[in-house]
Amino acid sequence: VPMPKKSRSFEARAWATVRDLDNITALAYVAFIVSVHKINTADWQGVETGFQQGLNLATQLGDNRPAGLCISGLAHMTYYRGFFRRSLALFKQLEALGEAAQDVTHWGTALGAVGAVLMRWGQWSEAMAYFEKGLPLTQAAGNSLAEWNTHVRIGLAQFHLNQLNQAQQSVEAAYDYVTHAPHSSFANTTIYSD
């Protein structure tokens, strides 16, 4: 967040606007978006509170889209902070929601993320099964970030399973993608990280 003061000002305006609207759907989305912003400022308590508030509102609405976004946000936050068991439980919750709603975005994200947690524990074959199941869903959703993260993770799993030629092909394809992605793309950070 290059201009935190200005950023907080826009955050306050978003909350003021959504309160005036008296629209629970808009409130759920603002809770989600503001929480994503709080990740960038490492306000972990604010992130947790905001995602939980968004999830409660979305659940009240019966709207799987923002509910899934909030579960995904909570799960990713816990994953990146190293709380893998909790993140696994949240990603499994997202997987169930995505599968029940046949929402390829949430379902594909969840499968790739469960595989990533298993990868952290060295469970390479199990991780690969999740990656292979999730990849077509992320492609169907048009989610290029998740798709190429999955390719890199498949490459890592192939490497650890001693499938060296396939691993090199997977990682080179992902590297080619990320080097041609816009420099502003979030994909650069997460794919290079994996």
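Predicted model: local features only at pLDDT ≥ 70, side-chain atom pairs only at ≥ 80, totals over all residues.
Residues are numbered from 1 along each chain as its sequence is written, and side-chain values use heavy atoms, with hydrogens and water left out.

Helices here are DSSP runs of H or I with at least four residues, numbered from the N terminus. Buried residues (under 20% relative accessible area, with exposed meaning over 50% and partly exposed in between, for a 1.4 Å probe and protein chains only) in α7 include Trp124, Met128, Phe131, Gly134 and Leu137. Among the elements that cover the buried residues of α7 are α5 (84–101), α6 (104–120) and α8 (144–160). After α7 comes Gly142, with a positive phi near 70°.

Attention now turns to the interior. A nonpolar core is a set of buried Ala, Val, Leu, Ile, Met, Phe, Trp, Tyr and Cys residues joined through side-chain atoms within 4.5 Å. The largest such core has 37 residues, of which Phe51, Tyr79, Phe91, Val114, Val117 and Phe131 touch the most other members. At least two residues of this core come from each of α3 (44–61), α4 (64–80), α5, α6, α7 and α8, and the largest share, nine residues, is supplied by α6. Tyr79, leaving aside neighbours within four places in sequence, is in contact (heavy atoms within 4.5 Å) with Phe84, Ser87, Phe91, Ala116, Val117 and Arg120. A second, separate core holds five residues, including Trp15, Val30, Ala31 and Val34.

Rings of Phe, Tyr and Trp (its six-membered ring) pair if their centres lie within 6.5 Å, and planes under 30 degrees apart count as stacked, over 60 as edge-to-face and the rest as tilted. Four aromatic pairs are counted by this rule. With ring centres 5.8 Å apart and planes at 40°, Phe32 and Phe51 form a tilted pair. Because Phe32 lies in helix α2 and Phe51 in helix α3, this pair ties together parts that are 19 residues apart in sequence. Phe32 and Phe51 are both buried. The rings of Tyr79 and Tyr80, whose centres are 5.2 Å apart and whose planes are at 80°, are edge-to-face. Tyr79 is buried at a relative accessible area of 5%, whereas Tyr80 is exposed at 53%. Ring pairs also join Tyr79, Tyr80 and Phe84 into a cluster.

Asp22, in the loop between α1 (4–21) and α2 (24–40), has a positive phi of about 55° although it is not a glycine. Its relative accessibility of 71% makes Asp22 exposed. Asn162, in the loop between α8 and α9 (164–180), has a positive phi near 65° and is exposed, at 59%.
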